[in-house]
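Tutor: Please look over the structure below.

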Amino acid sequence: MSSCSLHVLTNDDDRTFTLSDYEGARARWCPGCGDHSVLAAVEKLLSAEQLKPEDTVFVSGIGCSSRFPHYLKTYGFHGVHGRALPVALGIKLHRPELAVFVVMGDGDCTSIGAGHWVHTLRYNPDLVVLMLDNGIYGLTKNQTSPTTPQGVPSNTQPQGTILPPLNPISLALGVSNASFVAQTAEFVPAHLYATLRAAFHHRGLSFVRILQRCPVFTRGSLPRR
Ligand SMILES: Cc1ncc(C[n+]2csc(CCOP(=O)(O)OP(=O)(O)O)c2C)c(N)n1
Ligand code: SF4
């Protein structure tokens, strides 16, 4: 039986789910990519909470991080750049008993999807929203995103990123009705897991910014903490 009373999710049959029950296709992120750590922590959470794979949905946009649903054996929706939140909201409104997780990159969430981000925070639906923040557009190979640190060169701003970065945490905290806003890092596994667990048990929208290494493009210049 799941210990979570917030989501209408109980393991009401005899099955026990192990980590392998949640593992999907072999992850094809680059070696050393922080997305691997997030996936491992999420699989651990799903198993610890004994979520039924058929009652669990991962929704993403487009980006390296948005490949997430492919790597899990739950339901998944690999959507359109910046549009994961409206898709997830639609699923949750229609099937409130499902556990709905959203995975977005920093470009996905804070640039093209910024309007959806702000207004979904305001409506505060019961979603777990993970923003994997590597401070760059990874999939499209190294363009400045709103969280790229000032001065860091990219393909779109080769002389160095011009503006100071947007702070996703202060922005989220400034939205009326935001109910759970947290920051963690994929390279601090215990803190990552504890944050994911707290986010899952929160009733309402849990927004979690996860600082994430992209060894291919950011060369150590993580987004500002
Ligand atoms: C409407 C639209 N605009 C632009 C793109 C191109 N595009 C795909 S992914 C991406 C950025 C990905 O960066 P981010 O969201 O930070 O995720 P990451 O790849 O770093 O995980 C862009 C610009 C697209 N697919 N669709
Ligand atoms: S380009 Fe960066 S973010 Fe994308 S898979 Fe490779 S290491 Fe990860």
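**Loops, helices and ligands**

Student: In which loop is N124 found?
Tutor: This is a predicted model, in which local features need pLDDT of at least 70, side-chain atom pairs count only at pLDDT 80 or more, and totals for chains, interfaces and linings use all residues. Residues are numbered from 1 along each chain as its sequence is written, and chains are lettered from A and ligands numbered from 1 in the order in which they are written. Helices (H or I, at least four residues) and strands (E, at least two) are DSSP runs, numbered from the N terminus. N124 sits in the loop between α4 and β4.

Student: Is N124 buried, exposed or partly exposed?
Tutor: Count other C-beta atoms, placed from the backbone, within 10 Å of its own: 20 or more is buried, 12 or fewer is exposed, and in between is partly exposed. N124 has 17 such neighbours, so it counts as partly exposed.

Student: What is the phi of N124 near?
Tutor: Most residues other than glycine have a negative phi. N124 is not a glycine, yet its phi is positive. The value is near 55°.

Student: What are the end C-alpha atoms of helix α6 apart?
Tutor: The expected span of a helix is 1.5 Å times one less than its number of residues. Helix α6 has 13 residues, so it should span 18 Å. The distance between its end C-alpha atoms agrees: 18 Å.

Student: What arc do the buried residues of α6 cover?
Tutor: These residues are L192, T195, L196, A199 and F200. The arc is that of the directions from the helix axis to the C-beta atoms. They lie on the same side of α6, because their arc is only 135°.

Student: Which elements do the buried residues of α6 pack against?
Tutor: Two residues are in contact if their C-beta atoms, placed from the backbone, lie within 7 Å. By that rule, the elements are α1, β4, β5 and β6.

Student: Is V208 buried or exposed?
Tutor: V208 lies in strand β6. Beyond its neighbours within four places in sequence, V208 has contacts including T195, L196 and A199. It has 23 C-beta neighbours inside 10 Å, so V208 counts as buried.

Student: At what angle do helix α2 and helix α4 pack?
Tutor: Axes are lines fitted to C-alpha atoms, for helices over the stretch in contact, and angles run from 0 to 180 degrees between N-to-C directions. The axes of α2 and α4 are 8 Å apart. L85, P86 and L89 of α2 meet H116, W117 and T120 of α4. The angle is about 35°.

Student: How many charged residues are in the shell around ligand 2?
Tutor: A residue is near a molecule or strand if its C-beta atom, placed from the backbone, lies within 6 Å of it. Among those around ligand 2 are W29, D35 and N134. Ala, Val, Leu, Ile, Met, Phe, Trp, Tyr, Cys and Pro count as nonpolar, Asp, Glu, Lys and Arg as charged, and the others, Gly among them, as polar. The shell has eight nonpolar and two polar residues, and the charged number is one.

Student: Which helix gives the largest share of the shell around ligand 1?
Tutor: Of the 18 residues around ligand 1, those that come nearest are G63, H81, G105, G107 and G138. The largest share is four residues, from helix α3.
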